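Look at the structure first, then read on.

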Amino acid sequence: MTGTQIVPGERAVALLGGEANDANLRRYLHGIPGVDAVGLEQRAAGLGTRSIKTTSKAWALDRIIGLVDLTTLEGADTPGKVRSLVAKAVTPDPADPSCPRVAAVCVYGDMVPHAVQALGTAHGDPDQGKIAVAAVATAFPSGRSSRSIKLEDTADAVAAGADEIDMVIDRGAFLAGRYGQVYDEIVAVKEACRRADGTYAHLKVILETGELNTYDNVRRASWLGILAGGDFIKTSTGKVAPAATLPVTLLMLEVVRDWHRLSGDKVGVKPAGGIRASKDAIKYLVTVAETVGEEWLTPHLFRFGASSLLNDVLLQRQKMTTGHYSGPDYVTID
Amino acid sequence: MSFLEYAPAPESQAILNLRSEYGLFIDGEFRSGGGKPFASINPATEKHITTISTASADDVDVAVAAARKAYDRVWSRMSGADRGKYLFRIARLVQERSRELAVAESLDNGKPIKESRDVDVPLVAAWFFYYAGWADKLDHVGLGAAPAPLGVAAQVIPWNFPLLMLAWKIAPALAAGNTVVLKPAETTSLTALLFAEIVQQADLPPGVVNIITGAGETGAALVGHGDVDKVAFTGSTSVGRAIAKSVAGTNKKLTLELGGKAANIVFDDAPIDQAIEGIVNGIFFNQGHVCCAGSRLLVQESVHDEVIDRLKTRLSTLRLGDPLDKNTDIGAINSAEQLERIRSLSDVGEAEGAERWTAACTIPDNGFWFAPTIFTNVSTSHRIAREEIFGPVLSVLTFRTPAEAIAKANNTPYGLSAGIWTDKGSRILAVADKLRAGVVWANTFNRFDPSSPFGGYKESGYGREGGRHGIAAYLKTAAPTAVTAPAKRTPITKGASK
């Protein structure tokens, strides 16, 4: 899958009316209206009470599967584990051939060749029913290494065949107010996503909202990630608690909606970590549909970063077709 | 089908076990009324729900006499702790039967089930729990030691929050030691009658709570009854005025909670997405049938266009339809009469030159419905900026400075509530200080809590409900002769304090 073809950094200069340095970014990001935490959480809770039944539920379950980035990010990952993950991604439910495939598999950079090889002909653009390979890069999850290592990490994964790069922002720099540095780094990583043929790998910018702490920070970081050229903004690495929450995702969707109003560009959102139940995932679908609109429910605009979610969705799906619940032994572990 | 349409998710009515007709609840039992019975209909379908009795003047006499007897012989003599036990029991029964009450409320009133389930009924339970706690602590209300109850309270409540208004009235009255005769609005008597069953279930002494049904005439007979000590009314300003007249010159104590035309003030630094939610919740909650609804939106000129644009987008996602569907945001208008009033005032708004915008939504064939509507270019002299519409209609005005916002917000005969939206804490405090409204919400709207007093300025009524003030309205200072010297304490001897 191919990211936006814009020149990295172009978005910001037009909007800021000047260079994207600390001062200009600060003025812009701090000029955005604040977030009222109580109101935001109330709205998210309200969206969570939507009752999704019968045909809508069946559609939602299939769509969730098609939006999943099936993920393994362990120190103990091996080529065998990745092959098993890929097999699950291609055939989530061996008992039901009508079950859709997931959007992508998400692995560490050194596992990209194994994932690409295991996918074979199934490798490709999820919008065309294929499965993409996403790699976490830039010294994931902490992001604490030098810029050159981060860029090398990214370029490596892209060269190995990664279609999507999940980078982490420098939260330390962000919290210290060095917005220019965070911005420059995203721009540089985006540049490192450039392939030999001039196209770009899709860039997902992980904000690690659990470390940003306030909703105002999340909103500013979301804008920063978009201005610097991110194709997606992503909540979390999954390694820090709290990971994705509904209010945080709602807030990021609101930024994406506002960016769309402003520029006409569509940026994606990926909540990752902590979403384990179908019921919760459906709440996210409702939130997307009622905030940015239903057209965002496609793989190039919305993803779930998850591993155990898939099996719960499969169990629910089996329940909808057979009328009764089965158990964890009726779905495969990857 | 698009995902956003959502498949129907109706709440089952199977939990309801309604009778085909209901009598009056007097002295602990149901009995037939002397007046002509009337039908209660479902405003969403216009279908018959049940038949309700009308209390005649004689029935009112019997009900007040039952309340008087229960007051003299049982309730005023019972210890506060024991009264509290009954109230706690009622609160728990409300919780146990919450689903049933929510379904009945939505069926009879037309409000969406998500509101009756998540707001009305939980607040009803909260009100009884809160005042149950006060029953044995009356010394701390602020009226000195051992304040006395007033006697028999006549309570008349409106149709917008039928069961919640019942709780607002009955819970503090009983906690303070009064007995009550309550009349619900004639279009929404159902949950009050289910509450009568709860009163029976709680084994409350007969006559402590009496519920009589009927129209305005019954209400007039009740508040005008000679043996009533306290009148509490929530409803329209015109009826409130008539009650104030009828009570004038008597010894009856009176609290009135009447209409409103609240200003919801949005400053240019407001948290915009939450402000939009607040505006929506302020005026479209309960189809705008809320006396404290934020029906006048005051927006700072610099953000007016953006706010309206976002508001319209948001309103387009509201779902109007079957009140019993769990995904419905906007339910039915309670009666044909109210619908007619909303329509005619909206037409006046258009005729006066305001710009009307209505969310595109399908209106069901039967029942009473009004799509969410916004009027822009409204000026302070328009009738839609002055009169209470009591429906899902928002009038948008603009202002340039905080001083102008305050002046416009206060420029109304009402003064029940107001809202302020800004990120700046000092501005919230400064503006709230100058608003003549009983309740001021900051960065939120239409939030209720039993511990918070609620009531109005000017034509919005007098007296407060909720909190310590709410129970003080049902008490009087003990007569000076009733004060007795505290019992002498045995002095503590040295060494005994281990």
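Q: At what angle do the axes of helix H3 and helix H12 of chain A cross, and how far apart are they?
A: The axes of H3(A), residues 37-47, and H12(A), residues 246-263, cross at roughly 100 degrees and come within 9 Å. Axes are lines fitted to C-alpha atoms, for helices over the stretch in contact, and angles run from 0 to 180 degrees between N-to-C directions. Helices here are DSSP runs of H or I, at least four residues, and strands are runs of E, at least two, numbered from the N terminus.
The model is predicted: local features need pLDDT of at least 70, side-chain atom pairs count only at pLDDT 80 or more, and totals for chains, interfaces and linings use all residues. Residues are numbered from 1 along each chain as its sequence is written, and chains are lettered from A and ligands numbered from 1 in the order in which they are written.

Q: Why are H3(A) and H12(A) called roughly perpendicular?
A: Angles of 65 to 115 degrees count as roughly perpendicular, under 35 as roughly parallel, over 145 as roughly antiparallel and the rest as oblique. The crossing is at roughly 100 degrees. Therefore H3(A) and H12(A) are roughly perpendicular to each other.

Q: Which residues make the contact?
A: H3(A) brings A:Leu40, A:Glu41, A:Arg43 and A:Ala44, while H12(A) brings A:Leu246, A:Pro247, A:Leu250 and A:Leu251. Contact is defined by C-beta atoms, placed from the backbone, within 7 Å.

Q: What makes a set of residues a nonpolar core?
A: Its members are buried Ala, Val, Leu, Ile, Met, Phe, Trp, Tyr and Cys residues, joined through C-beta atoms within 7 Å. Buried needs 20 or more other C-beta atoms within 10 Å of the residue's own; 12 or fewer is exposed, and in between is partly exposed; C-beta atoms are placed from the backbone. The largest core here has 109 residues, and A:Val68, A:Val105 and A:Tyr183 have the most contacts inside it. H12(A) gives the largest share of this core, nine residues. Another core, of 92 residues, lies apart from it and includes B:Val124 and B:Leu204.

Q: How do you know that E4(B) pairs with strand E5 of chain B?
A: Pairing takes at least two bridges found by DSSP. Four bridges join E4(B) to E5(B), residues 48-52, and the two run antiparallel. B:Phe38 stands opposite B:Ile52.

Notes: Contact = placed C-beta atoms within 7 Å.
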